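Please examine the sequence and structure shown here before reading on.

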Amino acid sequence: EDGYLAWLPYRRQETAEWLKRYKAYRQIVVAGAPEDGGAAVIHSAAAELARGLEGMSGLSAAVVNAGEVPDSEAYIQLALFGSNPEIDGLFPEAVITEIGAEGFAIQTDAHTGRIVIAAAAPAGLLYGAFHLLRLFGTGQSVNGLNIRENPVNPLRMINHWDNMDGSIERGYAGKSIFFENNRFKADKERIRDYARLLASVGINAVSINNVNVHKQETLLITDEFLPDVAEVAAIFRDFAVKLFLSVNYAAPLEMGELPTADPLDPAVQEWWQHRIKDVYSAIPDFGGYVVKADSENRPGPFTYGRDHADGANMLAEALDPFGGIVIWRCFVYNCKQDWRDRKTDRAKAAYDHFKPLDGRFKDNVVLQVKNGPIDFQVREPISPLLGAMPSTHQVLELQITQEYTGQQRHLCYLVPQWKEILDFDTYLKGEGSTVKRIASGELHGSRLAGIAAVSNIGDDTNWTGHLLAQANLYGYGRLIWNPGLTSPEIAEEWIRLTFGNGSEQLIRTVQQMLLDSWGIYESYTAPLGVGFMVNPDHHYGPNVEGYEYSMWGTYHFADWQGIGVDRTKATGTGYTGQYAGSNCERYESLETCPDELLLFFHHVPYTHKLHSGKTVIQHIYDTHFEGAEQAERFAAEWEALAGSIEEGLHQQVAERLAEQAEHAKEWRDRINTYFYRRCGIADEQGRTIY
Ligand code: BDP
């Protein structure tokens, strides 16, 4: 056992009860598969069912023809609506209309015990198959099933930050599974396994190269690499995942083919049209381009005095005839700012750049907005840009890779963080204008919408380095399919599928560890929403002043009297003014600003009293002592599970948890000592501060 099979090991179910319940289901029948590409997706669905049932039951299972199963036997049937009148007859008309392009219905036929998975299109059958396997795998009843599911978010995407030299920007689990030595990897088996993993949690789109597009990756859209891109796209296609590429905005220039990349120059427009035609002849269902422009030294339309709408629309125009889209990132700010300047606020940048452009983007452009205004910190407020452009399509961007949350050496289950983000009320259209309704496109009636997130996988055998970090990839997919699922539910599913149903103690212990982990990580790192305090560049480990005198715009302004960034309208940068409704006042006022974000919005004395009743400085001391203790508790709790998990798996996690416990102490001591020396205020409990 090495974790390679992730949550799809289809472990042999040990109990007699399980076998009694499910062993009848060993034959899979496909009714009415289409001739075109969809047949491959249905094949993936049927093959997965056979594989899963065989693994779990320890008995043979197979895909068979309809005629081969006697009517009296229970079997699993995959069918597209409209392909078979008998199947259509099983579902009320209303159900058939309710199921969208990617949704599915699952029903148990009371007479025969047959389970029917029905959908409007092949992708739905694939998702339905994985859903059913999840029910089997977590030991739930399949009697009288009456399930109807549609994904809440239309675009459910993973962004890879993989470079063609094989490295991964912000990757913590080995090298790229796509590239090595500036080419595609010859062996693509692993990509196929990855595509299965993605499909199993409902992901439908993937971009395979870094948003920072360097010289070699610029060539991905040329004849040199299009055959490889097409091969990879075909693998993903079998699992209903659409392929996208990140492109270099200055490609025509960098490839030496034109003297400019000005989006309003007809030669540039023609150049892109030409390229895009080539891409679509290689990959007819290509998704489109992801673009990071005019950000962190990447080229973009600003060079030519054009704005982001000019820039995005030019690409959109060229993609439109083929049904492609442009995913234009809003992570745009001045990364060369003077740290002495207290008025320029990086947090304000995305809103200031993009909000005025609302209504100017073509209909096949979608803006990708990071969840927070700064950069994937353990705690940030919600980006005020989300939902603030009612006439523009938007997708929410999350980060699965744990760049600022312990780099997959620390345990940090991010689903609770994402849930908070999705449940946040923006008040943009009155009460209930939550981020999840913005992301899904519902709030503004947006055609292109959804969620994208930066991948946390690499070629480490267990995909994510830290085995328990697999729960973040799993949880991301499950949560964006249905944001109504809870963090404990998702955690429990993942644990049961990964480790089996054998030990209740294991399930409860790991579940609680996952659920506590984000809060614990937050407690021993940067306090009260202030962010950063990490080592520059690689971002691992504590360094309170690592970014304090740099040009990246990420400061905490700690001095001997106080700490925090004044972002109020009254006396600060005015960032709070970007929020709608009562959020603006809530953050503006010290009385109502939530404790956990206090230092993001306000500069306060160390003696300022939080709502919790503690002073800021005592809160810092307490949380850091407690956090380090909790990290130690993780290691001990995991130790106690030694007998109930395969040794290999147990060992992997034990090593990481030991490192976390040690490293949490370093965090504790560096942060506590820094603040103690700055302010000279003793810890009320007299603990050792160095
Ligand atoms: C930051 C990363 C950087 C990325 C950038 C981005 O540190 O490596 O290039 O975000 O999102 O979080 O473009």
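## Packing of α20 with α21

The angle between α20 and α21, the latter spanning residues 647–679, is about 165 degrees, and their axes lie 9 Å apart. Axes are lines fitted to C-alpha atoms, for helices over the stretch in contact, and angles run from 0 to 180 degrees between N-to-C directions. Helices are DSSP runs (H or I, at least four residues), numbered from the N terminus.

The two helices α20 and α21 cross in a left-handed manner (the near helix is turned anticlockwise from the far one by less than a right angle; clockwise would be right-handed). Their contact comprises 20 nonpolar, four polar and four charged residues. Here Ala, Val, Leu, Ile, Met, Phe, Trp, Tyr, Cys and Pro count as nonpolar, Asp, Glu, Lys and Arg as charged, and the others, Gly among them, as polar.

## Basis of the model

The model is predicted: local features need pLDDT of at least 70, side-chain atom pairs count only at pLDDT 80 or more, and totals for chains, interfaces and linings use all residues. Residues are numbered from 1 along each chain as its sequence is written, and side-chain values use heavy atoms, with hydrogens and water left out.

## Packing of α17 with α20

Helix α17 (residues 504–524) packs on α20 (residues 616–639) at an angle of about 155 degrees, with axes 9 Å apart. The pair α17 and α20 is therefore roughly antiparallel, and α17 passes α20 in a left-handed crossing. Contributors to the contact (heavy atoms within 4.5 Å) include Met513 and Ile520 of α17 and Phe634 and Trp638 of α20. By class, eight residues of this contact between α17 and α20 are nonpolar, seven polar and three charged.

## Packing of α15 with α16

Helices α15 (residues 470–481) and α16 (residues 487–499) meet at about 125 degrees, their axes 10 Å apart; they are therefore oblique to each other. The crossing of α15 and α16 is right-handed. Among the contact residues are Tyr474 and Leu479 of α15 and Trp494 and Leu497 of α16.

## Surroundings of the ligand

Of the 14 residues around the ligand, Glu169, Lys292, Arg329, Asp375 and Glu403 come nearest (a residue is near if one of its heavy atoms lies within 4 Å). A ligand oxygen atom lies 2.4 Å from an N or O atom in the side chain of Glu169. The corresponding distance is 2.7 Å for the side chain of Asp375 and 2.9 Å for that of Asn212.

Note on methods:
Parallel < 35°, antiparallel > 145°, perpendicular 65-115°, else oblique. Polar contact = N/O pair within 3.5 Å; in protein donor to acceptor, adjacent residues only side chain to side chain.
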